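Please keep the sequence and the 3D view at hand while reading.

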Amino acid sequence: MVAITSFALVAAATLASAAPAYPSYGQPESATAVAQAEADSVFGNAVAEASAVADSASGSWHAPPSKTFNPFRATHRVIAGFNGMLRYEPENIVAEIGDLVEVHYLPKNHSFAQSSFQKPCVPINDDAKFSGFMPTKEGEAPNVFTIEIDSKEPQWYYCPQTVGSHCQMGMAMVINQNFNSPNTLDAYKAAANKTEVSISPPRVQGGTIAPPPNGPGL
Ligand SMILES: *[C@@H]1O[C@H](CO)[C@@H](O)[C@H](O)[C@H]1NC(C)=O
Ligand SMILES: *[C@@H]1O[C@H](CO)[C@@H](O)[C@H](O)[C@H]1NC(C)=O
Ligand SMILES: [Cu+2]
(Lines give C-alpha, C1' and ligand atoms only; values in the text may rest on other atoms or scores of the structure.)
(Ligands and ions follow the chains in the order given, each with its own letter.)
Protein backbone atom coordinates (compact mmCIF):
# COMPACT_ATOMS: atom_id res chain seq x y z
CA MET A 1 0.00 0.00 0.00
CA VAL A 2 2.91 2.32 0.74
CA ALA A 3 4.35 1.62 -2.70
CA ILE A 4 1.01 2.21 -4.38
CA THR A 5 0.48 5.50 -2.61
CA SER A 6 3.92 6.83 -3.42
CA PHE A 7 3.70 5.87 -7.09
CA ALA A 8 0.33 7.53 -7.38
CA LEU A 9 1.72 10.61 -5.66
CA VAL A 10 4.58 10.74 -8.13
CA ALA A 11 2.11 10.35 -11.00
CA ALA A 12 -0.05 13.12 -9.62
CA ALA A 13 2.93 15.37 -9.03
CA THR A 14 4.25 14.70 -12.53
CA LEU A 15 0.92 15.65 -14.00
CA ALA A 16 0.77 18.76 -11.85
CA SER A 17 4.10 19.98 -13.16
CA ALA A 18 3.57 18.93 -16.78
CA ALA A 19 0.00 20.12 -17.22
CA PRO A 20 -1.42 23.64 -17.17
CA ALA A 21 -2.93 24.81 -13.89
CA TYR A 22 -6.42 23.87 -12.81
CA PRO A 23 -9.11 24.16 -14.24
CA SER A 24 -7.36 22.85 -17.32
CA TYR A 25 -8.13 19.17 -17.64
CA GLY A 26 -5.64 16.44 -18.45
CA GLN A 27 -4.88 16.19 -22.14
CA PRO A 28 -5.10 12.81 -23.88
CA GLU A 29 -1.45 12.90 -24.85
CA SER A 30 1.85 11.17 -24.29
CA ALA A 31 3.01 11.17 -20.69
CA THR A 32 -0.40 11.94 -19.32
CA ALA A 33 -2.05 9.19 -21.32
CA VAL A 34 0.56 6.71 -20.15
CA ALA A 35 0.09 7.80 -16.56
CA GLN A 36 -3.64 7.42 -16.96
CA ALA A 37 -3.40 3.95 -18.43
CA GLU A 38 -1.06 2.78 -15.68
CA ALA A 39 -2.96 4.47 -12.91
CA ASP A 40 -6.32 3.20 -14.14
CA SER A 41 -5.29 -0.39 -14.62
CA VAL A 42 -3.16 -0.81 -11.52
CA PHE A 43 -4.49 1.53 -8.91
CA GLY A 44 -8.08 2.35 -9.78
CA ASN A 45 -9.73 4.50 -7.16
CA ALA A 46 -6.57 4.85 -5.10
CA VAL A 47 -5.52 7.59 -7.53
CA ALA A 48 -8.24 10.01 -6.52
CA GLU A 49 -7.40 9.56 -2.85
CA ALA A 50 -3.68 9.92 -3.45
CA SER A 51 -4.20 13.11 -5.43
CA ALA A 52 -6.15 14.52 -2.50
CA VAL A 53 -3.05 13.90 -0.39
CA ALA A 54 -0.96 15.58 -3.06
CA ASP A 55 -3.30 18.57 -2.75
CA SER A 56 -2.54 19.20 0.84
CA ALA A 57 1.16 18.53 0.38
CA SER A 58 1.75 20.89 -2.54
CA GLY A 59 -1.13 23.28 -2.02
CA SER A 60 -1.43 23.55 -5.80
CA TRP A 61 -4.23 21.07 -6.37
CA HIS A 62 -7.84 21.29 -5.32
CA ALA A 63 -9.48 18.39 -3.56
CA PRO A 64 -11.38 16.06 -5.90
CA PRO A 65 -15.03 17.11 -6.13
CA SER A 66 -16.26 13.53 -6.00
CA LYS A 67 -15.17 9.97 -5.48
CA THR A 68 -15.16 9.29 -9.20
CA PHE A 69 -13.02 12.32 -10.05
CA ASN A 70 -10.23 11.25 -12.38
CA PRO A 71 -7.41 13.82 -12.52
CA PHE A 72 -6.04 12.17 -15.68
CA ARG A 73 -9.25 12.34 -17.65
CA ALA A 74 -9.35 13.59 -21.21
CA THR A 75 -11.57 16.32 -22.60
CA HIS A 76 -13.06 15.60 -26.02
CA ARG A 77 -14.04 18.78 -27.81
CA VAL A 78 -16.96 18.66 -30.23
CA ILE A 79 -17.88 21.47 -32.59
CA ALA A 80 -21.59 21.74 -33.36
CA GLY A 81 -22.12 23.42 -36.74
CA PHE A 82 -18.58 22.65 -37.87
CA ASN A 83 -17.62 24.55 -41.00
CA GLY A 84 -21.16 25.92 -41.33
CA MET A 85 -22.51 22.43 -41.86
CA LEU A 86 -25.30 20.60 -40.06
CA ARG A 87 -22.92 18.29 -38.29
CA TYR A 88 -20.86 17.69 -35.19
CA GLU A 89 -17.10 17.34 -35.52
CA PRO A 90 -15.90 14.86 -34.49
CA GLU A 91 -19.10 12.86 -34.64
CA ASN A 92 -17.81 9.48 -33.47
CA ILE A 93 -15.98 9.57 -30.15
CA VAL A 94 -14.42 6.84 -28.04
CA ALA A 95 -14.31 8.02 -24.44
CA GLU A 96 -13.29 6.47 -21.15
CA ILE A 97 -15.38 6.65 -18.01
CA GLY A 98 -14.59 9.94 -16.31
CA ASP A 99 -13.68 11.68 -19.57
CA LEU A 100 -15.45 14.91 -20.47
CA VAL A 101 -17.18 15.73 -23.73
CA GLU A 102 -17.29 19.49 -24.25
CA VAL A 103 -19.65 20.73 -26.97
CA HIS A 104 -18.87 24.07 -28.63
CA TYR A 105 -21.50 25.84 -30.74
CA LEU A 106 -21.03 27.67 -34.02
CA PRO A 107 -23.82 29.33 -36.05
CA LYS A 108 -26.68 28.73 -36.49
CA ASN A 109 -28.79 27.73 -33.49
CA HIS A 110 -27.69 24.25 -32.52
CA SER A 111 -28.19 21.98 -29.58
CA PHE A 112 -27.15 18.60 -28.26
CA ALA A 113 -29.70 16.07 -27.08
CA GLN A 114 -29.64 12.37 -26.24
CA SER A 115 -31.77 9.77 -28.01
CA SER A 116 -31.73 6.01 -28.29
CA PHE A 117 -30.32 4.33 -31.38
CA GLN A 118 -33.73 2.89 -32.26
CA LYS A 119 -35.58 6.22 -32.17
CA PRO A 120 -33.49 9.01 -33.65
CA CYS A 121 -34.37 12.68 -33.18
CA VAL A 122 -36.46 12.15 -30.03
CA PRO A 123 -35.31 12.06 -26.39
CA ILE A 124 -34.23 8.68 -25.04
CA ASN A 125 -36.42 9.36 -21.98
CA ASP A 126 -37.29 12.22 -19.63
CA ASP A 127 -33.72 12.18 -18.32
CA ALA A 128 -32.18 12.67 -21.77
CA LYS A 129 -29.12 14.88 -21.64
CA PHE A 130 -29.87 18.24 -23.25
CA SER A 131 -27.80 21.40 -23.62
CA GLY A 132 -30.65 23.67 -24.63
CA PHE A 133 -30.24 25.78 -27.77
CA MET A 134 -27.06 27.79 -28.18
CA PRO A 135 -27.73 30.36 -30.89
CA THR A 136 -24.88 32.44 -32.27
CA LYS A 137 -24.92 34.63 -35.37
CA GLU A 138 -21.17 34.80 -35.69
CA GLY A 139 -18.32 32.98 -34.01
CA GLU A 140 -18.62 30.57 -31.15
CA ALA A 141 -21.48 30.78 -28.63
CA PRO A 142 -20.23 32.03 -25.23
CA ASN A 143 -20.92 28.79 -23.38
CA VAL A 144 -20.06 25.14 -23.87
CA PHE A 145 -22.06 22.17 -22.66
CA THR A 146 -19.97 19.56 -20.87
CA ILE A 147 -20.98 16.04 -19.95
CA GLU A 148 -19.05 13.46 -17.99
CA ILE A 149 -18.88 9.96 -19.42
CA ASP A 150 -20.21 7.47 -16.87
CA SER A 151 -20.52 4.35 -19.02
CA LYS A 152 -18.92 2.56 -21.95
CA GLU A 153 -22.36 1.92 -23.46
CA PRO A 154 -23.11 3.72 -26.75
CA GLN A 155 -24.71 7.14 -26.35
CA TRP A 156 -26.52 8.71 -29.31
CA TYR A 157 -26.94 12.45 -29.73
CA TYR A 158 -28.81 14.65 -32.19
CA CYS A 159 -29.54 18.29 -32.78
CA PRO A 160 -33.27 18.83 -32.18
CA GLN A 161 -33.44 22.09 -34.12
CA THR A 162 -36.66 21.86 -36.14
CA VAL A 163 -35.93 24.95 -38.26
CA GLY A 164 -33.96 23.33 -41.07
CA SER A 165 -34.56 19.77 -39.78
CA HIS A 166 -31.05 19.40 -38.39
CA CYS A 167 -31.44 15.82 -37.14
CA GLN A 168 -33.14 14.67 -40.34
CA MET A 169 -30.31 16.27 -42.30
CA GLY A 170 -27.73 14.20 -40.41
CA MET A 171 -26.74 16.34 -37.43
CA ALA A 172 -26.08 13.44 -35.08
CA MET A 173 -23.19 11.82 -33.27
CA VAL A 174 -22.27 8.84 -31.13
CA ILE A 175 -20.08 8.29 -28.11
CA ASN A 176 -18.69 4.77 -27.63
CA GLN A 177 -20.28 3.10 -30.61
CA ASN A 178 -20.10 -0.70 -30.49
CA PHE A 179 -18.00 -1.36 -33.59
CA ASN A 180 -19.14 -5.01 -33.71
CA SER A 181 -22.79 -3.99 -33.97
CA PRO A 182 -24.90 -3.00 -36.97
CA ASN A 183 -25.88 0.07 -34.93
CA THR A 184 -23.61 2.45 -36.77
CA LEU A 185 -23.76 6.22 -37.02
CA ASP A 186 -24.61 5.88 -40.72
CA ALA A 187 -27.55 3.63 -39.81
CA TYR A 188 -28.68 6.15 -37.20
CA LYS A 189 -28.50 8.98 -39.72
CA ALA A 190 -30.41 6.96 -42.33
CA ALA A 191 -33.18 6.28 -39.80
CA ALA A 192 -33.13 9.93 -38.67
CA ASN A 193 -33.68 11.04 -42.27
CA LYS A 194 -36.96 9.09 -42.28
CA THR A 195 -38.37 10.74 -39.15
CA GLU A 196 -40.91 13.51 -39.39
CA VAL A 197 -39.96 16.06 -36.78
CA SER A 198 -37.47 16.31 -33.92
CA ILE A 199 -38.47 16.66 -30.29
CA SER A 200 -36.36 18.33 -27.62
CA PRO A 201 -35.91 16.76 -24.18
CA PRO A 202 -38.18 18.25 -21.49
CA ARG A 203 -35.45 20.29 -19.82
CA VAL A 204 -31.80 21.25 -19.94
CA GLN A 205 -30.01 18.59 -17.90
CA GLY A 206 -27.22 16.07 -17.71
CA GLY A 207 -24.30 18.45 -18.10
CA THR A 208 -22.93 21.84 -17.22
CA ILE A 209 -23.20 25.10 -19.14
CA ALA A 210 -20.25 27.44 -18.73
CA PRO A 211 -17.66 29.39 -20.71
CA PRO A 212 -15.08 26.98 -22.18
CA PRO A 213 -12.48 26.36 -19.44
CA ASN A 214 -9.61 26.20 -21.96
CA GLY A 215 -10.87 28.88 -24.32
CA PRO A 216 -12.66 28.62 -27.66
CA GLY A 217 -12.47 25.29 -29.43
CA LEU A 218 -11.63 26.45 -32.93
C1 LIG B 1 -33.19 28.73 -31.31
O2 LIG B 1 -34.00 27.60 -31.59
C3 LIG B 1 -35.01 27.34 -30.63
C4 LIG B 1 -35.71 26.04 -31.01
O5 LIG B 1 -36.15 26.08 -32.33
C6 LIG B 1 -35.95 28.51 -30.51
O7 LIG B 1 -36.89 28.27 -29.50
C8 LIG B 1 -35.16 29.78 -30.19
O9 LIG B 1 -36.02 30.88 -30.22
C10 LIG B 1 -34.05 29.97 -31.22
N11 LIG B 1 -33.25 31.14 -30.83
C12 LIG B 1 -32.84 32.05 -31.71
C13 LIG B 1 -32.09 33.20 -31.16
O14 LIG B 1 -33.06 31.93 -32.90
C1 LIG C 1 -33.06 13.52 -45.95
O2 LIG C 1 -31.78 13.95 -46.38
C3 LIG C 1 -31.72 14.67 -47.60
C4 LIG C 1 -30.31 15.09 -47.89
O5 LIG C 1 -29.39 14.12 -47.55
C6 LIG C 1 -32.59 15.90 -47.54
O7 LIG C 1 -32.64 16.53 -48.77
C8 LIG C 1 -33.99 15.54 -47.07
O9 LIG C 1 -34.72 16.72 -46.88
C10 LIG C 1 -33.92 14.76 -45.77
N11 LIG C 1 -35.25 14.38 -45.30
C12 LIG C 1 -35.89 15.08 -44.36
C13 LIG C 1 -37.22 14.53 -43.93
O14 LIG C 1 -35.43 16.09 -43.85
CU1 LIG D 1 -28.28 21.99 -35.21
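## Buried cysteines

In this predicted model, Cys 121 has a relative accessible area of 0% and is therefore buried, since a residue counts as buried when that value is under 20%. Cys 167 is likewise classed as buried, with a relative accessibility of 0%. Cys 159 is a further buried residue, and its relative accessible area is 0%.

## The disulfide

Which cysteines form a disulfide? Cys 121 and Cys 167 do, and their sulfur atoms lie 2.0 Å apart. A disulfide is a covalent bond that joins the sulfur atoms of two cysteines. The link between Cys 121 and Cys 167 is left-handed, with an angle of -80° about the S-S bond.

The two partners sit in separate loops: Cys 121 is in the loop between strand 6 (113-115) and strand 7 (134-135), whereas Cys 167 is in the loop between strand 9 (155-158) and strand 10 (172-175). The pair therefore ties together parts of the chain that are 46 residues apart in sequence. A search of the whole structure finds one disulfide.

Four residues are found around ligand 1, namely Asn 109, Phe 133, Pro 135 and Gln 161. By type, this shell consists of two nonpolar and two polar residues, with no charged residue.

Where do polar side-chain atoms lie relative to an oxygen atom of ligand 1? For Asn 109, the distance from a polar side-chain atom to an oxygen atom of the ligand is 2.3 Å. For Gln 161, the corresponding distance to an oxygen atom of ligand 1 is 2.8 Å. On its own, ligand 1 has 360 Å² of accessible area, of which the protein covers 41%.

## The chain as a whole

The chain contains four helices and 11 strands. Of its 218 residues, 43% are buried. Among contacts in the chain with a separation of 6 or more, 75% are made by residues 24 or more positions apart.

Notes: Residues numbered from 1 in each chain as written. Chains lettered and ligands numbered in written order. Predicted model: local features only at pLDDT ≥ 70, side-chain atom pairs only at ≥ 80, totals over all residues. Heavy atoms only, no water. Near = heavy atom within 4 Å. Polar contact = N/O pair within 3.5 Å; in protein donor to acceptor, adjacent residues only side chain to side chain. Areas by Shrake-Rupley, 256 points an atom, 1.4 Å probe, with all protein chains shown as cover. Nonpolar A, V, L, I, M, F, W, Y, C, P; charged D, E, K, R; others polar. Disulfide = S-S within 2.5 Å. Helix = DSSP H or I, 4+ residues; strand = E, 2+ residues; numbered from the N terminus. Buried < 20%, exposed > 50% of the residue type's maximum accessible area, 1.4 Å probe, protein only. Contact = heavy atoms within 4.5 Å.
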